[in-house]
Amino acid sequence: MSLEADVQRKKQDKYDVNLENEVRHWIASFFQDSNAEQFKSLEDPSNPIQTALKDGVVLCEVLNKIIQPTSSTTKIKLVKINKSSLPFKQRENLSNFINTLSSVFGFSQNELFTVNDLYDAHDLLLFLNTIHLLSVWYSKFTKGLVQLITPAEQSNSAPNTPTLHSGSNTLRSRSSIAEAHSPKFTRTSEKKPIDVSTT
């Protein structure tokens, strides 16, 4: 067995189907009221999650649904979405999604998947982990415990400056977010299910 094949086998052994289902339902919950095609696609277990999300459109739409209600006051721009079927445009969508998680949602590099992790299925578990962290963030956001990072705050932030705000405007470091909210992959029972009741 080649080294590459061995690495892929180990990734498959670690893959968490339960986490995938939680991620599917959480993302689909943003579209269930309209019964949109995105909802049907994600709720169809025969449709691989990578196929449903690799073009980046649905992922960017989720971020825009979170940003839109406060965009007029925060001046945070919506994520640009390319509807083209061209691969480089789809990859650009994923880059826009990842960059927005970093600049607007305060995610650190070790909390983010890469474009290749999803688009080329290089490491889908890392992708699922990032979306799980986003669901944890969103749960706090709906309770007023965290805030989006405005353009003014982004321009005033130095590298390695804490970026995730609490309700009392106390800054928390990115590393502490990762430690507090990173899902455990050793046992499924250790992960808290994604709560879709707040969407």
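**Figure 1. Lining of the second largest pocket in the predicted model, by residue class.** The lining of this pocket comprises five nonpolar, five polar and three charged residues. The model shown here and in the following views is predicted. The volume of the second largest pocket is about 150 Å³. Among the 13 residues that line the pocket, K77, L78, T100, S103 and V104 are the closest to its centre.

**Figure 2. Helices that contribute to the lining of the second largest pocket.** Helices α7 (87-103) and α10 (151-156) each provide at least two lining residues. Helix α7 accounts for the largest share of the lining, with four residues.

**Figure 3. Burial of helix α5.** Helix α5 spans residues 57-67 and is mostly covered, 10 of its 11 residues being buried. The buried positions of α5 are V57, V58, L59, C60, E61, V62, L63, N64, I66 and I67.

**Figure 4. Packing of helix α5 against helix α7.** Two packed helices are described by the angle between their axes and by the distance between those axes. For α5 and α7, the angle is about 35° and the axes lie 8 Å apart. Helix α5 passes α7 in a left-handed crossing. On the α5 side, the contact is formed by V57, L59, C60, L63 and I67, and on the α7 side by N93, L94, F97, T100 and L101. By class, this contact includes eight nonpolar and two polar residues, with no charged residues. The α5 residues V57, L59, C60, L63 and I67 are also buried.

How values were computed
Residues are numbered from 1 along each chain as its sequence is written. This is a predicted model: local features need pLDDT of at least 70, side-chain atom pairs count only at pLDDT 80 or more; totals for chains, interfaces and linings use all residues. Side-chain values use heavy atoms; hydrogens and water are left out. Buried means under 20% relative accessible area, exposed over 50%, partly exposed in between (1.4 Å probe, protein chains only). On a 1 Å grid over the protein atoms alone, a cavity is a set of points where a 1.4 Å probe fits but cannot get out, and a pocket is an open set with protein on both sides within 12 Å along at least five of seven lines; lining residues have an atom within 4 Å of a point. Grid points are joined across faces, edges and corners, and a volume is the space filled by probe spheres set on the points. Ala, Val, Leu, Ile, Met, Phe, Trp, Tyr, Cys and Pro count as nonpolar, Asp, Glu, Lys and Arg as charged, and the others, Gly among them, as polar. Axes are lines fitted to C-alpha atoms, for helices over the stretch in contact, and angles run from 0 to 180 degrees between N-to-C directions. A crossing is left-handed if the near helix is turned anticlockwise from the far one by less than a right angle, and right-handed if clockwise. Contact means heavy atoms within 4.5 Å.
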